[in-house]
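Subject: Structure handover

Hello,

Here is the structure we spoke about. My notes on it follow below.

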Amino acid sequence: MYQAPRGTQDILPEDIPYYLHVEEAARKFAALYGYQEVRTPTFEDSGLFRKGTGETTDIVEKEMYSFIDKGNSDLTLRPEATPSVMRAYLQHGLHNQPQPVRLFELLGCFRYDRPQAGRWREFHQFDVEAIGEDDPLVDAELITLFWRFCEALGLGELSLELNSIGDPLCRPLYLEALRTHYSPHLEQLCRDCRRRLATNPLRLLDCKIPTCQPIADTAPAFTDHLCDACSAHFAHLQASLKAEGIVPSVNRRLVRGLDYYTRTVFEMYPPKVGQQAALGGGGRYDGLAELLGGRHTPAVGFASGIERLVLNLKEQGVEVPASSPTVAYIAHVGESAEALAVASNFVRQLHARGISAIRAVGQRSLRARLRHADAAGVHWTVLIGDQEVSAGTVSLRDMAQREPVGVPAAQAIDLIVAAAREHSDDR
Ligand code: HAM
């Protein structure tokens, strides 16, 4: 029998309330902060990610789902949203709108990652981007949105890690300091780090291999090497976050695994920190638009992993709103009852009045019908058997009270509609 491909999952109805809770909060918070929804394609030209996400990232080096289509185009299932959102901004001339353009997207992403708890090959993100402004107030706005969104979901004891990784002016000098620090330790470094020293020295700082730790821990901090403009930007951001009551911890080793970041980088963590536990992360990417062939356009954003959020909601025992069960179940027992149920069109009448209802199918016993009604969690069961057919009534059972009452068919519909309306007014 076929199984879902490794690293993918089926989300069954019992888990859907967690996903709805997260997606509804995402939409609510995005709207609250003035971010508009955008939807970009599931696949893009591979070059967009090679250039945008960056040739030296793990994503581009090892994790892309790329393919040549029947028209010979080199395409990739998107591993993230940021290059796509920036491409859309440039392609549609959104720089003509008031800046920054605030956009968000709920999307599926694909990375050929090693599957483990909270790490999938197909996963979903809540991605939020503000394009066209370099004011640190925008960085603070996004971090605040992310923080308050997680709080509103019911996630507690969050921590925020923050760093600045400079701009093209100060980064070369910092990288030089980093190389000078690392060069005497070449022998102790893991293979990846030795390679990164030449290709992408910033990534040396977030290596997780034990032998590399002491060297990374004693490396110079970028925050001590920022140029005046980056330094002022970072200070302003921290002051703005403080005003929001958000106190990040500055992590000098936080660099993030994507090449486009400049200045601000951040990650949000739940209380139980594991290697892959970030609820989300982001930062500023002032150089991406130019990399993609556009004019200079500062921007900042973050993305949060929806599966990670759900995992943490479950781990923290957060109760999420249950999905509404079907209201009514029309259950005939016997053939003449079936004929009556079909002829009187209970289900259609209920649907026409906005009440969810299902009709029994097949020939089953009364007990089997009631078991089905219980399992489906319906509020009302309309039972029609031979007795009801000859009396011209139906037995209406409120599933919370075991005894059914005999009522004329039309009245059963009115009773269900009135009770359902009362119930929804109470909520
Ligand atoms: P990222 O750190 O690669 O950043 O991913 C953001 C979040 O997506 C992670 O913190 C995690 O919650 C989730 N995530 C990543 N990979 C997986 C996976 N294999 N399985 C499950 N969840 C995963 C970005 O994608 C950037 N585009 C964020 C950004 C937006 N930066 C600026 N704007």
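Ser164 sits in strand β7; strands (E, at least two residues) and helices (H or I, at least four) are DSSP runs, numbered from the N terminus. This is a predicted model, in which local features need pLDDT of at least 70 and side-chain atom pairs count only at pLDDT 80 or more, while totals for chains, interfaces and linings use all residues. Residues are numbered from 1 along each chain as its sequence is written, and side-chain values use heavy atoms, with hydrogens and water left out.

Ser164 has a relative accessible area of 1% and is buried (under 20% relative accessible area; exposed is over 50%, partly exposed in between; 1.4 Å probe, protein chains only). Leaving out residues up to four places away in sequence, Ser164 touches Phe222, Thr223, Leu226, Phe234, Arg263 and Thr264, where contact means heavy atoms within 4.5 Å.

Arg263 belongs to strand β9. Arg263 is also buried, at 12% relative accessible area. Among the residues it touches, again not counting those up to four places away in sequence, are Asn163, Ser164, Asp167, His233, Arg284 and Asp286.

Strand β9 (residues 262-269) has eight of its eight residues buried. β9 pairs with β7 (residues 159-164) in the antiparallel sense over six bridges; two strands pair if DSSP finds at least two bridges between them. Ser159 has Tyr269 of β9 as its bridge partner. β9 also pairs with β10 (residues 280-284), antiparallel, over five bridges, and there Glu267 is bridged to Gly281.

Arg263 turns up again in the lining of the second largest pocket, as do Asp134, Asp167, Tyr261, Asp286 and His296, among others. A pocket is an open set of points on a 1 Å grid over the protein atoms alone, where a 1.4 Å probe fits, with protein on both sides within 12 Å along at least five of seven lines; lining residues have an atom within 4 Å of a point. The lining has three nonpolar, three polar and six charged residues (Asp, Glu, Lys and Arg count as charged; Ala, Val, Leu, Ile, Met, Phe, Trp, Tyr, Cys and Pro as nonpolar; the others, Gly among them, as polar).

Last, the largest nonpolar core has 91 residues, of which Phe126, Phe149, Cys150 and Tyr182 touch the most other members. Such a core is a set of buried Ala, Val, Leu, Ile, Met, Phe, Trp, Tyr and Cys residues joined through side-chain atoms within 4.5 Å.

Regards
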